[in-house]
Amino acid sequence: TIIERGTYQSQYYPFSQYIYFSNNFNFLNNSNIYNLDVLNTSILTVNNNCLIQNAKINQLLKIVDFRNSTLDTLLVLKRSESNFNSSTLGRLTYRDTAIVTGNSNSANYLYFDNIGRLSTNTSTYRFAEYNINGWMEGSSNTFDTLVFSPGYTYRFGNGVSNTVRKKWYAS
């Protein structure tokens, strides 16, 4: 199913169906989306108790804006800016340069395969890994495990204070 630009409220898309998007989209108010494949968009907004499982972003994404929602799996293949607020996040994988912003999130897994900029505040990450150069500009975040790959440069913003509870790898 290919869906054009628009705003969708209280929508349900069944688990077996792939949804392809090609423009700007807003999902609001209890929408449930499974197998989301974004082909070409500049803005994707998800607000107010929505659930997205298995999202894949194939093209340049200006901003993904998630608020008060749940995102199970996100794979972003091209450069992106993502903003998450008060959301529950599963596995976030960024294959190209990425900026991640927002506040008060809980994430299981965050992986930057290219240059990553993490600018979230008061968020919790079970596992976060930078595979190449990166920035950490947000503050009051908590990491169970934080990994920096060897041979790269990592920059921290002025006054940034974060906590690593269990393991920090920077070999």
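Which side chain meets that of Glu137 in a salt bridge? In this predicted model, the partner is Arg117, with 2.8 Å from N to O.

## Salt bridges

The pair of Glu137 and Arg117 links distant parts of the chain. Glu137 lies in the loop between β16 (134–136) and β17, while Arg117 belongs to strand β14, and 20 residues separate them. Glu137 is partly exposed, with a relative accessible area of 32%. Arg117 is also partly exposed, at 26% relative accessibility. Arg117 has a further contact of interest: its charged end sits over the ring of Trp135, 4.1 Å from the ring centre.

A search of the whole structure gives three salt bridges. One of them joins Asp113 to Arg95, with the closest N and O atoms 3.5 Å apart. Asp113 is partly exposed at 26% relative accessibility, and Arg95 is partly exposed at 39%. Another salt bridge is formed by the side chains of Asp144 and Arg165 (2.9 Å, N to O). Here the link runs between strand β17, which holds Asp144, and strand β19 (residues 163–170), which holds Arg165, 21 residues apart. Asp144 is buried, with a relative accessible area of 11%, whereas Arg165 counts as exposed at 52%.

Strand β13 covers residues 106–112 and includes Tyr109. Five of its seven residues are buried, so β13 is largely enclosed by the rest of the structure.

β13 pairs in the parallel sense with strand β11 (residues 88–94) over six bridges. In that pairing, Tyr111 of β13 is the bridge partner of Thr93. β13 also pairs in the parallel sense with strand β15 (residues 124–130), over six bridges. There, Phe112 has Tyr130 of β15 as its bridge partner.

## Tyr109 and the aromatic residues

Tyr109 counts as buried because its relative accessibility, 18%, is under 20%. Apart from neighbours within four places in sequence, Tyr109 is in contact with Gly90, Arg91, Leu92, Thr93 and Phe127. The charged end of Arg91 sits over the Tyr109 ring, 3.9 Å from its centre. The C-alpha atoms of Tyr109 and Ala128 are 5.8 Å apart, although 19 residues separate the two along the chain.

Across the whole structure, eleven aromatic pairs are found. Tyr109 and Tyr111 make one of these, a stacked pair with 6.3 Å between centres and 20° between planes. Tyr111 is buried, at 11% relative accessibility. One aromatic cluster is made up of Tyr94, Phe112, Tyr130, Phe148, Tyr154, Phe156 and Trp168.

## The largest nonpolar core

The largest nonpolar core has 29 residues, and those touching the most other members are Leu71, Leu74, Phe84, Tyr94 and Leu118. Two or more residues each come from β7 (51–57), β8 (61–67), β9 (70–76), β11, β12 (98–103), β13, β15 and β17 (142–148).

Leaving aside neighbours within four places in sequence, the contacts of Leu118 include Val100, Leu110, Phe112, Tyr125, Tyr130 and Phe143. Trp135, Met136, Glu137 and Gly138 are also in contact with Leu118. Among these, Glu137 is the salt-bridge partner of Arg117, and Phe112 and Tyr130 belong to the aromatic cluster.

Methods. Residues numbered from 1 in each chain as written. Predicted model: local features only at pLDDT ≥ 70, side-chain atom pairs only at ≥ 80, totals over all residues. Heavy atoms only, no water. Phe/Tyr/Trp six-rings, centres within 6.5 Å; stacked < 30°, edge-to-face > 60°. Buried < 20%, exposed > 50% of the residue type's maximum accessible area, 1.4 Å probe, protein only. Lys NZ or Arg CZ within 6 Å of the ring centre and 35° of its normal. Helix = DSSP H or I, 4+ residues; strand = E, 2+ residues; numbered from the N terminus. Contact = heavy atoms within 4.5 Å. Pairing = 2+ DSSP bridges. Core = buried A, V, L, I, M, F, W, Y, C linked by side-chain atoms within 4.5 Å. Salt bridge = Lys/Arg side-chain N within 4 Å of Asp/Glu carboxyl O.
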